[in-house]
Every structure is written in structure tokens, then in C-alpha cells.
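Colleague: I'm new to this one and would like a quick tour. Can I put some questions to you as we look?

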Amino acid sequence: NLTFATDMILQRWKLPKGGGTMFSFLPLCHIAEKLHSMGAGITLQYSVSFCTKFENVSSELVEVQPTVLLAVPRVWEKMMEGVEAKLSQAKGLKKHLATWALGLNREIMAARLAGDSPGLFNLAQLPLAEKLVLSKIRHALGLARVQACASGAAALGEHICKWFWGLGIEIYEDYGQTESTGILCLTEPGVDCTGTVGRPSPGTEFKLADDGEILTRGPHVFKGYYANDTATTETIRDGWLYTGDLGEWTDKGFIRIRGRKKEILKTSGGKMIAPVPIEENLKAFPLISQACVVGDGRKFLSVLVTLTEERLGRIKASGGAIKGQEIIDPEILREVGQCIDQINQELAGYEQLKKFKVLAQEFSIEAEEMTPTLKMKRAIVEHHYRPLIEQMYG
């Protein structure tokens with residue numbers, strides 16, 4: 001399983017062989033890290049630097065400056081938020097230059113990934129943008145020598161992908177699960193796959209069930225769960241792995257993930273709603289860090305949101321209005337409300353978010369609200385904030 005999956009990734013992404021370095025900070029028991037440090041690391045003959053502990057990722061990544069980096073979406077998002085926070089506090093020429101340089105490279109990358117010419121004027125300005133701004137930001141993030149960046153374990157927001165275009169970085173995405181040895185679909189280098197997980201992995205079979213569930217078959221599928229024949233029989237049927245994920249084809253022939261079947265919310269009116277796309281759209285706003293849509297069995301949907309680390313820090317430092325688990329500052333509530341109003345304009349009536357609460361802390365691994373790969377544990381979050389949820393429906 002592992003050697004096949006590794007070969008498929010290297011075939012699709014054409015990673016450079018020999019002499020490179022990797023930075024490992026995810027648990028080695030996680031399939032994404034096995035593929036990264038063990039599968040690709042050994043096959044490509046790379047050296048692997050191991051982070052001492054998760055809290056040191058940002059500082060030690062800068063020390064290592066790897067040539068290939070795998071990270072989970074929340075880490076990429078944290079990098080983006082850190083740079084944006086510093087830019088928001090910059091003034092004058094420094095801020096103008098940074099905004100210009102990032103915008104310039106984003107235009108160039110967008111044109112290249114769309115198969116168009118970036119334009120001679122933009123290309124002529126790029127060396128100056130590199131020297132004055134972009135190279136410095138990449139170095140500060142630990143990406144000065146990076147030749148390939150990848151994201152796995154959860155969907156990467158489209159806005160995050162496009163933000164990194166400003167640094168001249170294309171983040172590849174790998175969609176899979178442990179039972180499929182970490183691969184199902186892979187994005188393609190040099191192609192705009194934002195908002196999707198690309199195309200099915202080479203050498204595998206792939207199809208969507210009538211309800212949209214993603215099914216796959218091939219050498220990447222595991223043999224079964226240890227000492228649990230019942231679970232194995234439910235998951236693998238006629239060699240097909242039933243992933244539990246819902247997907248859909250785009251016009252370009254890519255796969256877009258709609259969410260987990262078990263996470264689909266059903267309102268009391270019988271409407272079935274996938275919360276993940278709504279949450280990802282909310283997280284695209286610079287103010288909002290995380291979001292958890294609730295409303296299963298209720299008349300309408302509501303949402304719990306957290307603020308970015310920088311904004312939350314400012315509120316606490318200034319003695320902002322916090323009551324128990326929530327922020328009640330009128331200005332913050334107004335800003336978040338505007339974000340939600342924008343989202344609601346794109347949603348059907350039964351999908352719209354009617355109420356919200358702004359939490360006084362982010363979801364965390366320590367509180368068991370996030371997995372070690374920083375995926376939200378919806379049931380735990382709902383349990384921890386049950387009183388606030390009930391207030392929204394009281």
C-alpha cells in the first residue's frame with residue numbers, strides 16, 4: 001500500500017530527487033506523515049528534520065528551510081494570518097510595497113495556472129518585488145528554499161491557495177484517508193485546481209455512488225480493520241472502499257469535496273445541508289479563524305465562530321467585552337454579522353445562518369476540539385459550547 005501510494009504521488013507531482021530536505025511535525029502514526037517522511041523521504045533520498053514539539057513549528061521551520069514541505073490546512077492558514085496581521089499594522093511605503101508585490105505575483109501565478117501569458121510589464125516588475133518583499137516573507141515563513149508544498153488531512157480553502165500565489169507558491173493537495181493509504185485524488189502542478197482536490201490518483205479506480213459518496217478500488221485500498229470483520233465488511237464491498245465522503249465533479253473534470261456523510265445536517269424541515277462549504281466560505285474572511293455550523297434537527301442553522309489569533313489577542317489586551325465563553329463586544333459582533341450577511345446572499349433560504357456566537361478562544365488540540373492534524377471535532381465542539389448553542393435556539 002505505502003510504496004504504491006508513494007509512487008503515485010511522485011508520478012503526479014514530479015518531486016525532485018536527491019539532496020533535498022523535509023520538515024516533519026505531524027505524528028508519524030498519521031498516514032500523511034508516513035507518505036511524507038517515510039514514503040517520499042526514503043524514495044527521494046531526502047534528509048528529514050523532526051520538530052521538537054508542535055509549539056516550535058514556526059521557529060524551527062525557519063531554521064530548517066526545507067525543500068519539500070507537507071502541512072495541514074490550519075498551518076498554511078496560520079502562516080497567512082501571521083503575515084496579514086503584520087501587514088495590517090504596517091504603514092506608509094512598507095505597506096504599499098508589500099501589497100503591490102503580493103498582488104503582482106498573484107496576478108502572474110493566476111495567469112500561468114490558467115494557461116495564459118502573465119504579461120511582459122508584470123514580469124519586468126517581478127525581480128524588484130522578489131528582492132524587496134517576497135523573498136523576505138518566504139524566508140521568515142521558512143519557505144526560502146521550498147521547491148514543492150503540499151497540503152493534506154483536510155480540504156485547503158481556496159482563499160488560502162490563492163494567497164500563497166502572491167508568494168509564488170503553488171500548494172499541491174492530496175485527498176485521501178488512512179484506509180486508502182492517504183491517496184484518492186491529487187491536484188496537478190501548473191493547473192488551477194483551487195476549490196477542488198484535483199483528479200483521481202493514477203493507477204486506481206474511482207466513482208461516485210448515487211448519493212455522491214466517493215468510492216475507490218485499487219492497490220492503495222487497505223485489507224481491513226484489525227480484528228473487526230464487521231467494520232471491514234461495511235467499508236469494503238466487492239473491493240470498493242466506501243469512503244463516507246461526498247463529492248461532485250466540476251466542469252473541468254476535478255473532484256470537489258462536499259463533506260462527510262455523517263456530518264450532513266438535517267433541519268427539522270427535512271432539508272439536508274453540508275456544513276463544510278459554508279464553514280470554508282466563512283473562514284475566507286480575514287477576521288474569522290474557525291467556524292462550526294450547527295442546526296441538526298433544528299428549524300434553522302446557526303454558527304459558532306472564532307477570531308484570528310491576532311484579532312483575539314488585541315481584544316483581550318484592550319480589555320474587550322468578554323462574557324464567559326463568548327465575545328460580546330458590539331463592534332466585533334457587527335463585523336462578524338456583516339461577514340455572515342455576505343455569505344447568506346449566496347445561500348438558499350434553508351441554508352442561511354440565522355444566528356451566531358463569537359467565541360472567546362480558538363478550538364484547540366488540548367481541549368480535544370481538534371485532531372493532531374488540526375481537523376475540527378464537530379461533536380466535541382458542540383458538546384463544549386452546548387449552553388451557547390441552546391441560547392441561539394432559546
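Colleague: Let's begin with Ala227: buried or exposed?

Modeller: A word on the ground rules: this is a predicted model, where local features need pLDDT of at least 70, side-chain atom pairs count only at pLDDT 80 or more, and totals for chains, interfaces and linings use all residues. Residues are numbered from 1 along each chain as its sequence is written, and side-chain values use heavy atoms, with hydrogens and water left out. Buried means under 20% relative accessible area, exposed over 50%, and partly exposed in between, using a 1.4 Å probe and protein chains only. Ala227 has a relative accessibility of 71%, so the label is exposed.

Colleague: Where does Ala227 lie?

Modeller: Helices (H or I, at least four residues) and strands (E, at least two) are DSSP runs, numbered from the N terminus. Ala227 has a positive phi of about 55° although it is not a glycine. Its place is the loop between β9 and α8 (229-235).

Colleague: And Thr181, buried or exposed?

Modeller: Thr181 also has a positive phi, near 55°, in a residue other than glycine. It sits in the loop between β5 (171-175) and β6 (185-186). With a relative accessible area of 5%, Thr181 is buried.

Colleague: How many aromatic pairs are there?

Modeller: Rings of Phe, Tyr and Trp (its six-membered ring) pair if their centres lie within 6.5 Å; planes under 30 degrees apart count as stacked, over 60 as edge-to-face and the rest as tilted. By this rule, the count is 9.

Colleague: Take Phe206 and Trp249: how many residues apart in sequence are the parts they tie together?

Modeller: The two rings are edge-to-face, 5.7 Å centre to centre with 70° between the planes. Phe206 is in strand β8 (residues 205-208) and Trp249 in strand β11 (residues 240-249), so the parts tied together are apart in sequence by 43 residues.

Colleague: What is the angle between the planes of Phe363 and Tyr385?

Modeller: Both residues are buried, Phe363 with a relative accessible area of 6% and Tyr385 with 3%. Their rings form a tilted pair, 6.3 Å centre to centre, and the planes are apart by 55°.

Colleague: Back to β11: how many of its residues are buried?

Modeller: Strand β11 is largely enclosed by the rest of the structure. That description comes from its buried residues, which are 7 of the 10.

Colleague: Over how many bridges do β11 and β12 pair?

Modeller: Two strands pair if DSSP finds at least two bridges between them. β11 and β12 form a hairpin with 5 residues between them, and Gly253 in the turn has a positive phi of about 85°. Asp245, for one, has Arg260 as its bridge partner in β12. The strands β11 and β12 (residues 255-260) are antiparallel, and the number of bridges is 5.

Colleague: Which ring does the charged end of Arg237 sit over?

Modeller: A charge sits over a ring if NZ of Lys or CZ of Arg is within 6 Å of the ring centre and within 35 degrees of the ring normal. In β11, the bridge partner of Arg237 is Trp240. The charged end of Arg237, though, is 3.8 Å from the centre of another ring, that of Tyr242.
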